[in-house]
Amino acid sequence: MSDPCEFHPSRRAVLGTAGALFAWGAIPRTAYAAPRARDARLVVVVLRGALDGLSAVAPLGDPAYADLRPGIALTRDGTGAALPLDGFFALHPALPTFARLYAARQALVVHAAATGYRERSHFDGQDVLESGQPGPGHTASGWLNRLVAALPAGEGIPPRTALGVGVVPPLILRGPAPVLGWAPPRLPRASDEFGRRVLGLYEARDPMLAAALAHGLDVDALAKGGPKEAVAKDPGGLRGLAEGAARLIAADDGPRIAALALDGWDTHANEGGATGRLAGLLGGLDGVFAAFAEILAPRWPDTAILVVTEFGRTARVNGTTGTDHGTGTVAFLLGGAIRGGRVLADWPGLGPAQLRDGRDLAPTTDVRAIAKGLAADLFGLSPAVLAGRVFPGSEGVRPVGGLVA
Amino acid sequence: MTVDPRRTALALGRFGLGARPGDLARGEPVEEALRREILAGTVPLPSGPDLAATPTLLAALQAEEQVRKLAREAGPDVPMPAGPPPPPIQERVYRAEVAARLALAQAAPTGFVERLVWFWANRFTVSAVRGSQLRVGAGAFEREAIRPHVLGRFRDLLLAVATHPAMLIYLDNVASVGPSSPAGQRRGKGLNENLGRELLELHTLGADGGYTQDDVTALARILTGWSVQRDGNAEGLPGSTVFRRGAHEPGAVTLMGRTYLDLGPEQLRLALDDLAGHPATARHVALRLARHFVADDPPPALVARLSQTFLDQDGDLARLALALIDAPEAWDPVQRKVRSPQEFLVAATRGLALPPDPRVVMGALASLGQPFWSAPAPNGYPDEAGAWASPEGLRTRLDVAARAGQLAAGTDPAAFAEAVLGPLATDETRTALRRAESRAQAIALVLMAPEFQRR
């Protein structure tokens, strides 16, 4: 305890609690329909705790930026210089993989983005982001699950090739469509024989437990072939998780739609700039990008990864060299299916009169517009389905076109 | 009153930590046993050589980290001591704290009071995953801020929680400084609203409790100056809570329509007293309590009844606990809740009368996603079936149950089922037991039966 105000978590401590992969265990019929139809893979990464978009992608060209953020602002030059994107925006130096993909026109930033939620509670904000509903209080199902349900009926992953599971499914994938999960295993597995006996008991008496266990028992040849070595090197670690997840998604009969939730982005104090707490978190995220790009390489032209967070953080640094809950932030898109190399931003500015409530980056792009545009171009979902079922009440939020290459 | 063993089995799962051998055969109505635990008014305090007061623990951590830093700086020329290095103090203390909780849970008569401790510690989460200070201090927080008030008044619990060093560190208040205070002016520091926001959203009124951003800022101002002592001096030991007047934002503050004069530390106490007695807080507490014990989606009549008790009894948490077991809605014969991993493992070790090996239980809790005091965010671990009865969650429970069955293979499965399930055991479970291929498997089947997984 060198200083009670300081807090130096290891990356493991911050990200070790992070997450698990959850995926839809069926293949959409479109995957087989026409030989030339795209067999797309969509992965949504949810960053919980509110990512500081102004540090992840810094508006170095905004005259107010540096003065708002003494102690944490990124710079164009010197050690830890931000990675240039387009002259106005620059990328945090802990994201080199993303920068490489951006240069290859396979990564895109959406700035000044937010959901429709305008309060500042993490938990309500996460519910809105993940449920896809216009406001908090709807936690029965998530938008990605409803998107799956809206796709043409699929075929289940054949028996013996389904996935192990993760412990707490994120809201974004909860709902009527069947979901599988996977997390690196830590205990020796019980025998399949015992599992079948317990399942028999549940089928007779407890449909809810039966459904969950049935999915859990579909232990997978895919996961057995791949992730074990990765896990052995870094048990419970983020890299092992990402590699295992990527292997499952990369398989021919792997899930087409998946979600990964990463905790720990709530940087109220000692956020750091080019190095420090947020830099460590972003470095972990960049490692996830690298694992996906490497292992999904054969599928990369048909892969889209969307990275979103519940809201942004205050434009001004707070009294403790961190940032408090705000509004506008960034979303990332990457993958071979993305028409990248661009920052999409109707930039509101950081001047005193331009900040929302005098404190937050004003949002100018609705993340639902991005998600809807992606879903329309990847899976051919109509505006009516997107506004009716996937993002109810979003008729006024027009899908952003041209995101997909 | 006649004793109904079915009711006993139900209640020991729902309100307690699960039946031990012999518990279902007792001649006393289970309501009486539950009531007696509450009316005794004492909350057991864990103890042990490593379970020191927070300032002692934080000071020892500071000293040990200093020594380690010096050793690193001394470089490789200094000979290393033989053998593996001892675990750092935060690991040693965390393990000792958890081991002490497992021992208390194993010994508790019904476990109702321990369940209340778990419930409140989760409602007021400080997370041991947030660095060494919290790893060493999370158990002390539970001993010092939660246990003494679990059968007392909510407002005392709230004040103890909000001003405990662990909470001040976890939600960043140690660094929050009044911008107009002398320290703020001198050092150019200012507010951090993390604790102020979570006190309103999670700890008192609830997200729909009718507060605004201005109220969050107001409470953050009131909280300025509440920090943790860095070096020992006249104000207190290092690692103890301190109110630094020089960092406190001067002036009156309006919070939820009431104005609080700048009376120094009293300003916070008055503000928290009012928040503790607010009707929105009563509703929020009632909903969380009913959701935890009775059903994910609890009967509105139960929530209303508990909320009214909270207001009528001035936040008396013992009265609230009694109101819960007096409510007919709380005795629904359907087991609606899925046991959390902690509840599942403790019910297993109690039912099997297996002295819990802390290392094994902690490993299993990590696999199941619920290590003690380690929720990923300040809203604590989830309290809904969907979170725990997930495919991987149940798959991992199978592994845990299989392991427990092997460890307890000397136990007679039929007697075990009778002891923990009693009349709750279904015909299907009894049949599955008879057909099990080994004792170990039969015991594991009881642990995985719906009647044991639910409460």
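This is a predicted model: local features need pLDDT of at least 70, side-chain atom pairs count only at pLDDT 80 or more; totals for chains, interfaces and linings use all residues.
Modeller: Two strands pair when DSSP finds at least two bridges between them.

Colleague: Fine. What makes strand 3 and strand 10 of chain A a pair?

Modeller: The cut-off is at least two bridges, and strand 3 of chain A and strand 10 (residues 257–262) of chain A have six, running in the parallel sense. One place to look is A:L42, whose bridge partner in strand 10 of chain A is A:I257.

Colleague: And how do you know that strand 3 of chain A is joined to strand 11 of chain A?

Modeller: Count the bridges again: seven of them link strand 3 (residues 41–47) to strand 11, and the two run parallel. In strand 11 of chain A, A:L306 is the bridge partner of A:V44, and A:V307 is the bridge partner of A:V45.

Colleague: In which sense do strand 11 and strand 12 of chain A pair?

Modeller: Antiparallel, over three bridges, with strand 12 covering residues 329–334. There A:I305 has A:L334 of strand 12 as its bridge partner.

Colleague: Why is strand 11 of chain A called largely enclosed?

Modeller: A residue is buried if 20 or more other C-beta atoms lie within 10 Å of its own. Seven of the seven residues in strand 11 (residues 303–309) are buried, so the rest of the structure largely encloses it.

Colleague: What makes strand 3 of chain A largely enclosed?

Modeller: Again, seven of seven residues are buried, so strand 3 of chain A is largely enclosed too. A:R41, A:V43, A:V45 and A:L47 cover one face, while A:L42, A:V44 and A:V46 cover the other.

Colleague: Chain A also has an open sheet of three strands. Which are its edge strands?

Modeller: The order is 4-6-5, with antiparallel pairing. Strand 4 (57–58) and strand 5 (83–84) of chain A are the edges, since each pairs on one side only. Strand 5 of chain A is joined to strand 6 (residues 90–91) of chain A by two bridges, which is enough under the at-least-two rule. Look for A:P84 opposite A:A90 of strand 6.

Colleague: Over to chain B. How do you know that its radius of gyration agrees with a compact globule?

Modeller: For 455 residues a compact globule would come out near 23 Å, and chain B has 24 Å, so the two agree. Its C-alpha trace spans about 75 × 65 × 40 Å along the principal axes, and 57% of its residues count as buried. The chain holds 23 helices and four strands.

Colleague: Why does the span of helix 5 of chain B agree with what it should be?

Modeller: At 1.5 Å a residue, the 12 residues of helix 5 (residues 112–123) should span 16 Å, and the end C-alpha atoms are 16 Å apart, so that matches. This helix is mostly covered, with 11 of its 12 residues buried; among them are B:F112, B:W118 and B:W120.

Colleague: Why does B:W331 count as partly exposed?

Modeller: Buried needs 20 or more neighbours and exposed needs 12 or fewer. B:W331 has 15 inside 10 Å, so it lands in between. You'll find B:W331 in the loop between helix 15 (317–326) and helix 16 (341–352) of chain B. B:L10 is 321 residues away from B:W331 in sequence, yet their C-alpha atoms are 8.2 Å apart.

Colleague: Which residues touch the most other members of the largest nonpolar core?

Modeller: B:L219, B:L306, B:A444 and B:V446, in a core of 150 residues. Leaving out residues up to four places away in sequence, B:A444 touches A:F194, B:A401, B:A402, B:A404 and B:G405. Another core, of 106 residues, lies apart from it and includes A:L91 and A:I305.

Colleague: Last one: how many residues of chain A are in contact with chain B?

Modeller: 59, against 61 residues of chain B. Helix 8 of chain A gives the most to that side, with eight residues. By class, the side of chain A that touches chain B has 28 nonpolar, 18 polar and 13 charged residues.

Notes
Residues are numbered from 1 along each chain as its sequence is written. Chains are lettered from A and ligands numbered from 1 in the order in which they are written. The expected span of a helix is 1.5 Å times one less than its number of residues. The radius of gyration is taken over C-alpha atoms; the globule rule is 2.2 Å times the number of residues to the power 0.38. A nonpolar core is a set of buried Ala, Val, Leu, Ile, Met, Phe, Trp, Tyr and Cys residues joined through C-beta atoms within 7 Å. Two residues are in contact if their C-beta atoms, placed from the backbone, lie within 7 Å. Ala, Val, Leu, Ile, Met, Phe, Trp, Tyr, Cys and Pro count as nonpolar, Asp, Glu, Lys and Arg as charged, and the others, Gly among them, as polar.
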